[in-house]
Amino acid sequence: MSVRDWADDDVGILDVRIQFTPRLPVVRLSGDLDLASEHLLADSLVSVAANAREAEVVVLDMAAVRFCDVAGLRAIEWCAASLSATGKQLVLYHPPPSVTKLIAMTGVAQWVTIR
């Protein structure tokens, strides 16, 4: 899935790929996680959670994320809280340093584990 923000000259794209295994689903993000693309993350994690009943952990691989704004951070928080309500934990894998800093500053850290 990809989204393009046609309002900007600098086109933002978020690519979301799901590697599904019943016990350890991985959602890989590449590009910009922002207001224009946050719904892609939420939709992907809702789908994974519904189909990964055996999984206790869902991995969000953020190694290729170039940019994350407050809307993207809210999406991460919402997804983590939703997964937590179903007994699953969201693990952020290699988030960019700027995202790690935002997570620590805003209290989102209570909902996620960072690896």
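# Close-up views

**View 1. Surroundings of Thr113.** Thr113 is in contact (heavy atoms within 4.5 Å) with Gln89, Leu90, Val91 and Leu92, leaving out residues up to four places away in sequence. Thr113 itself belongs to strand 5, residues 112-114. Its relative accessible area is 18%, so Thr113 counts as buried; the cut-offs are under 20% for buried, over 50% for exposed and partly exposed in between, with a 1.4 Å probe and protein chains only. This is a predicted model, in which local features need pLDDT of at least 70 and side-chain atom pairs count only at pLDDT 80 or more, while totals for chains, interfaces and linings use all residues. Residues are numbered from 1 along each chain as its sequence is written, and side-chain values use heavy atoms, with hydrogens and water left out.

**View 2. The protein chain as a whole.** The chain has 3 helices and 5 strands, where helices (H or I, at least four residues) and strands (E, at least two) are DSSP runs numbered from the N terminus. Read from the N terminus, the order of elements is β-β-α-β-α-β-α-β. The chain has 115 residues, and 43% of them count as buried. Of its contacts with a separation of 6 or more, 63% are between residues 24 or more positions apart. Its accessible surface is about 6,400 Å², and carbon and sulfur atoms hold 54% of that area. Areas come from the Shrake-Rupley method with a 1.4 Å probe, and for residues only the protein chains shown count as cover.

**View 3. The largest nonpolar core.** This core consists of 29 residues, and Leu29, Leu41, Leu60, Met62, Ile76 and Leu90 have the most contacts inside it. Two or more residues come from each of strand 1 (14-19), strand 2 (26-33), helix 1 (38-51), strand 3 (57-68), helix 2 (70-85), strand 4 (89-93) and helix 3 (97-106). Helix 2 gives the most, with 6 residues. A nonpolar core is a set of buried Ala, Val, Leu, Ile, Met, Phe, Trp, Tyr and Cys residues joined through side-chain atoms within 4.5 Å. Beyond its neighbours within four places in sequence, Leu60 is in contact with Val27, Leu29, Leu41, Ile76, Leu90, Val91, Leu92 and Tyr93.

**View 4. Strand 2 and its partners.** Strand 2 is largely enclosed by the rest of the structure, because 6 of its 8 residues are buried. Strand 1 and strand 2 run antiparallel and are joined by 6 bridges; two strands pair if DSSP finds at least two bridges between them. The link between strand 1 and strand 2 is a hairpin of 6 residues. Across this pair, Val16 has Leu29 of strand 2 as its bridge partner, and Ile18 is opposite Val27 of strand 2. Strand 2 and strand 3 run parallel, with 7 bridges between them. Here Gly31 is the bridge partner of Val65 in strand 3. In a regular strand the side chains alternate between the two faces of the sheet.

**View 5. Arg66 on strand 3.** Arg66 is part of strand 3 and counts as exposed, because its relative accessibility is 58%. Setting aside neighbours within four places in sequence, Arg66 has contacts with Ile13, Gly31 and Asp32. The side chains of Arg66 and Asp32 make a polar contact of 3.3 Å. A polar contact is a pair of N or O atoms within 3.5 Å; within protein, one must be able to donate a hydrogen and the other to accept it, and residues adjacent in sequence count only if both atoms are side-chain atoms. The C-alpha atom of Arg66 is 9.8 Å from that of Ser98, 32 residues apart along the chain.

**View 6. Helix 2 from end to end.** Helix 2 has 16 residues and spans 22 Å from first to last C-alpha, close to the 22 Å expected at 1.5 Å a residue; the expected span is 1.5 Å times one less than the number of residues. Just after the helix, Gly87 has a positive phi of about 85°. The buried residues of helix 2 are packed against strand 2, helix 1, strand 3, strand 4, helix 3 and strand 5; among them are Ala71, Ile76, Cys79 and Leu83. An α-helix has 3.6 residues a turn, so residues three or four places apart point the same way. Arg74 is also in helix 2, but counts as partly exposed because its relative accessibility is 46%.
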